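Have the viewer open as you read.

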Amino acid sequence: LAGNNDPIGDDFLATEKVDQGWDRIGDEGYDDWRKPFFGAERRKFDITKTVEIDLLKNDDFFGPIEATLYKILRVDIGFPLLDKIVKVDDKTALSVARDLKISPRDAGQASPTPYHTWDEMTSDFAMTRIFFYGIGATWIATQPAGAADKYMAEGLGPFVVDMPVADLAVRKNFRPYGFRAHFDADQKITAIYDYAKKTLLKPGDGQPWERAKQLAKVTTLTVITAREHLLWTHLLCSNSMTQVKTDVLPPSHPIRRLLTVFSFRTNFVNNFASETLIPKLSMVHRMTGFKFSSLQKVFSEGYKTCNVYEPFAKRAVCDEVKQLAEQGKFPYLTEGSAWFNVCHDFVEEWLSNVPDVDKDPLAIGFYEEMVKQSKGQAYEIPEECTKENLTDLCAQIIFTVTAYHEMVGTVVDYTEKPSHGGYRVLSDEDTTTTDLQSYLIAGTLTASTALRMPSLTGKFVNLFGVGGAPAWERKVWDNFQSNLQKQSKVVQAADKKRSIEFKSMDPGRFECAVSV
C-alpha cells in the first residue's frame with residue numbers, strides 16, 4: 001500500500017543510474033567503463049539439489065538487496081508449518097480479506113484489481129474460460145500433435161490438457177494433485193480424469209464432478225505458479241538475462257541498453273522470490289498441499305521441460321489448436337504471436353543501428369553465455385550467434401517478461417474467492433473450495449504482485465537517447481511505442497467482439513519488467 005501511494009514512474013530510469021557490475025574510467029564519458037576483477041557481487045541459490053543459479057546481490061537502481069527478514073520468516077521454531085483447516089464460504093472469506101487489506105476489488109486494499117470479470121468460477125463454462133481464455137491456455141497451446149486422437153474415438157473431443165502429477169506426495173488433510181481434462185470442438189469440457197482415483201468423470205456426475213473441476217483448477221494454478229511463473233519466467237529467463245548482460249556488457253553497450261527497461265528491478269524481485277517463494281517453509285510451500293520434496297520435484301522436472309527461450313511465434317502448434325486460432329477462438333496464440341512480432345520488429349530495428357552486431361565480441365559473449373544458461377532444458381538456444389538468432393533471443397526475452405508474465409503471473413482472478421480455485425484441495429469429499437488459511441496466504445502473495453512497476457507504455461525520457469546515448473535510441477523506442485499502441489487497439493477491438501473476454505495480451509496493460 002505504501003509503495004503504491006508513491007509509485008515509481010518511467011522517468012526514474014536514467015542513463016547515469018545504470019552502472020551495476022562496472023566502474024567508470026578515464027574522463028567518465030559515455031563509453032568509458034572497466035569491469036572490476038571480481039565482477040558484480042552475487043550469491044549461489046539452490047532451487048533444488050540439481051538446479052543452481054546465481055543471483056546478483058545489487059540492483060542497478062536500488063543498490064544492495066537485504067534478504068535477512070525473509071529468511072527469519074522461514075525459521076521453523078518461530079514460524080512452524082501448521083496446516084489449520086478452516087472451511088469458509090466466499091462472503092466470509094472476502095470479509096476477512098478486507099480486514100487484512102488484501103481484498104482485490106475494494107478501494108484502499110493492497111491486492112491488484114482484476115481486469116477480467118468473473119461472476120463465478122465453478123461452472124462447466126468457467127472451465128472453458130480458464131483453459132481457452134485464461135491461465136490454462138498456456139497448456140492448450142502446447143498440446144502435442146496426435147495427443148487427443150485416441151480420445152476422439154471415445155467422444156471426448158479434440159482438445160486435452162494432461163498433468164499426471166498424482167505421484168507427488170501431499171501433506172495430511174489434502175488430496176493429491178493431477179488430472180487430465182478433455183474438451184470438444186466447441187471448447188466445452190467433456191470429461192476429467194482423476195489420476196489419484198483412476199476415475200473418469202463427466203458432467204452430470206454430481207458432487208464427484210464438482211470435485212474434479214476443483215482438482216483441475218487447483219492443479220493448473222499450482223503447477224503454473226511454481227513452474228511457468230516462478231521458475232521459467234523469474235529464475236531462468238529474467239534472472240539469467242539480467243545476470244548475463246550485467247556480467248558481459250558494459251552499461252553503454254547497445255544490447256544492455258536495449259534490455260535495461262525490461263530488467264528494471266529484476267534483481268530485487270528475484271532475490272525476494274528466491275527467499276519467500278521457493279525454499280522450505282516459504283509461502284508457496286505453506287499455501288499448497290505439497291510436501292516439500294514434491295515441490296522440489298516440480299522445480300527439477302520443470303527445469304528439464306522448460307522452453308521459455310523458444311520464440312513464441314515460431315513454436316510448433318498442433319492442427320487442432322491452429323484451426324481454433326484461425327477461427328478467432330484462441331486469442332492467446334493469435335494475439336501472443338502478434339505481440340512477439342512487434343517485439344521482434346523492435347529488436348530488429350534496434351540492432352540495425354549496431355554495425356556487424358553478430359560479429360561484435362561483446363554481443364557474441366552475451367549470446368554464448370545465454371546459450372549456456374539454457375543447457376539441459378527442453379529448448380536450448382541455438383549455438384550460433386547469427387543476427388537472426390540474437391534478434392529471436394532478445395525478442396523472446398521481452399515477450400516473456402511482458403506478455404507471458406502477464407498470462408502466468410496474474411493470478412488474482414484465481415485467488416479472489418475460495419470458490420475460484422486456490423492452491424490445495426482438501427481430502428474432505430464434501431468440499432469444493434479452498435480452505436481459509438491457504439486462501440489468505442495466496443491473497444498475501446497476490447497482494448505482493450500489486451507493487452506497481454513503470455508501464456511499458458512509458459516514454460523513459462531520462463534513458464533513451466540521453467546521457468551520451470545515441471539519438472537513434474529515442475526514434476526506435478518511439479516507433480516501438482507506436483506499434484505497441486496499434487496492437488493494443490487491435491486487441492481491444494477484438495475483445496469487444498468476443499463472447500468471452502480476453503484482455504491478457506493487450507500490451508497497453510503490460511508492465512516494463514517482471515514484478516513478483
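## Helix α7 and Arg 211

Let's start with Arg 211, which sits in helix α7. This is a predicted model, so keep that in mind throughout. Is Arg 211 buried or exposed? With a relative accessible area of 6%, Arg 211 is buried, because the cut-off for that label is under 20%.

## Where α7 meets α11

Helix α7 spans residues 207-248, and its axis comes within 10 Å of the axis of α11, residues 292-304. The two axes cross at roughly 60 degrees, and the crossing is right-handed. On the α7 side, the contact is made by Ala 226, Arg 227, Leu 231, Trp 232 and Leu 236. From α11 come Val 298, Phe 299, Gly 302 and Tyr 303. Sorted by type, the residues of this contact are 7 nonpolar, 1 polar and 1 charged.

## Nonpolar cores

The largest nonpolar core has 136 residues. Which of them touch the most other members? That group is Phe 179, Ile 255, Phe 330, Tyr 332, Trp 339, Phe 346 and Phe 366. Helix α7 turns up again here, giving the most to this core with 18 residues.

There is also a second, separate core of 10 residues. Its members include Ala 93, Leu 94, Tyr 439 and Ala 447.

Val 408 belongs to helix α15, residues 387-409, and is buried at a relative accessible area of 0%. Beyond its neighbours within four places in sequence, Val 408 is in contact with Ile 135, Thr 138, Ile 224, Glu 228, His 229 and Thr 233. The C-alpha atoms of Val 408 and Ala 226 are 9.9 Å apart, although 182 residues separate the pair along the chain. Ala 226 is one of the α7 residues in the contact with α11.

Ser 504 lies in the segment after α18 (472-497). At 8% relative accessibility, Ser 504 is buried too. Leaving out residues up to four places away in sequence, Ser 504 touches Tyr 115, His 116, Glu 406, Met 407 and Phe 510. Its C-alpha atom is 9.1 Å from that of Tyr 404, which is 100 residues away along the chain.

## Cysteines

How many disulfides does the structure hold? The count is 0. Take Cys 394: the closest cysteine sulfur is in Cys 385, and at 9.1 Å it is too far for a bond, because a disulfide needs the sulfur atoms within 2.5 Å. Cys 394 is buried at 0% relative accessibility, and Cys 318 is buried as well, with a relative accessible area of 4%.

## Two positive phi values

Most residues other than glycine have a negative phi. Arg 265 has a positive phi of about 65 degrees although it is not a glycine. Arg 265 lies in the loop between α8 (254-260) and α9 (266-276), where it is buried with a relative accessible area of 10%.

Leu 281 has a positive phi too, of about 70 degrees, and is not a glycine either. Look for Leu 281 in the loop between α9 and α10 (283-287). Leu 281 is buried, with a relative accessible area of 9%.

Conventions: Residues are numbered from 1 along each chain as its sequence is written. This is a predicted model: local features need pLDDT of at least 70, side-chain atom pairs count only at pLDDT 80 or more; totals for chains, interfaces and linings use all residues. Side-chain values use heavy atoms; hydrogens and water are left out. Axes are lines fitted to C-alpha atoms, for helices over the stretch in contact, and angles run from 0 to 180 degrees between N-to-C directions. Helices (H or I, at least four residues) and strands (E, at least two) are DSSP runs, numbered from the N terminus. A crossing is left-handed if the near helix is turned anticlockwise from the far one by less than a right angle, and right-handed if clockwise. Contact means heavy atoms within 4.5 Å. Ala, Val, Leu, Ile, Met, Phe, Trp, Tyr, Cys and Pro count as nonpolar, Asp, Glu, Lys and Arg as charged, and the others, Gly among them, as polar. Buried means under 20% relative accessible area, exposed over 50%, partly exposed in between (1.4 Å probe, protein chains only). A nonpolar core is a set of buried Ala, Val, Leu, Ile, Met, Phe, Trp, Tyr and Cys residues joined through side-chain atoms within 4.5 Å.
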